[in-house]
There are 2 protein chains.
Amino acid sequence: MIDKAIQAITEPRRRDILHLVREGELTSSAIASHFDISAPAISQHLKVLEEAGLVVVRRAGTKRFYGIRREGFAELMHYIESFWDDSLMRLKKAAEEEERRKHDFN
Amino acid sequence: MIDKAIQAITEPRRRDILHLVREGELTSSAIASHFDISAPAISQHLKVLEEAGLVVVRRAGTKRFYGIRREGFAELMHYIESFWDDSLMRLKKAAEEEERRKHDFN
DNA sequence: CACTTAATTAAGTGTATGCTAAATTAAATT
DNA sequence: AATTTAATTTAGCATACACTTAATTAAGTG
């Protein structure tokens, strides 16, 4: 799932879509009106975002309202964080090691 | 830069490379030995990661040591966080609103 | 039940991207 | 200076992906 989420946010227009729906639910056509690409193109992007777990759909009659899915972003953040945390810890240890060596030589 | 960083972590092999160098600096060939693709392919991936600001190179003789660049991941995290925070705040407000309505009706 | 509205799925096309093998760069060794 | 080692750049190819238009689905509405 994390793979799909990362894949999904690669495309700049999909990130733009996420920025739009972050403000609140929007229909497919409302989203499309903000771009100069066709409605099907938007629909395809929304499908990718949905499959990545970054948006959710709520159907109401012929309309479909798209909104952000928090859990998806949480997963994404944790993934990035894992790199951050590990490398941070390693750097911390390296710094401490360096500090220790300094004391030994002086 | 954030665009390049996101673009960079899209490719699964590049994420694998990041996992490897997260443990500590590695040469291009050391990294290549973990994969079944050619050395040039790895080199190209490393270039993408470097241009995205996610790794740094340290040259030593004919060798080049690749290591993680924390700042790059920090940027990435902040970007993801921005979606998270905004939508979280919105949901918090929505929950409070719901709570208020409950009280009004009971 | 035909028609409109909202959206998606399908088919086809051009560009971007990851791979390979071959050529090239650059530093160290003999 | 020639050779070896480490890595990159180049050129070419195959696939993935974002778009388009046309066709299809599905839920109201006259």
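## Interface of chains A and B

In this predicted model, the area buried between chain A and chain B (the accessible area, with a 1.4 Å probe, that two parts lose on being put together, summed over both) is about 3000 Å², with carbon and sulfur atoms giving 69%. Of the area that chain A buries against chain B, 23% comes from A:Arg22, A:Arg70 and A:Phe83, more than from any other three residues. Contact, meaning heavy atoms within 4.5 Å, links 27 residues of chain A with 27 residues of chain B.

The rule finds two salt bridges across this interface, a salt bridge being a side-chain nitrogen of Lys or Arg within 4 Å of a carboxyl oxygen of Asp or Glu. B:Asp3 forms a salt bridge with A:Arg15, and their closest N and O atoms are 2.9 Å apart.

Of the atoms of DNA strand D that come within 4 Å of the protein, 71% belong to sugar and phosphate.

A:Gln44, by its polar side-chain atom, lies 3.3 Å from a base oxygen of DNA strand D.

## Basis of the values

Residues are numbered from 1 along each chain as its sequence is written, while chains are lettered from A and ligands numbered from 1 in the order in which they are written. Local features need pLDDT of at least 70 and side-chain atom pairs count only at pLDDT 80 or more, whereas totals for chains, interfaces and linings use all residues; side-chain values use heavy atoms, leaving out hydrogens and water.

Terms used:
A residue is near a molecule or strand if one of its heavy atoms lies within 4 Å of it. A polar contact is a pair of N or O atoms within 3.5 Å; within protein, one must be able to donate a hydrogen and the other to accept it, and residues adjacent in sequence count only if both atoms are side-chain atoms.
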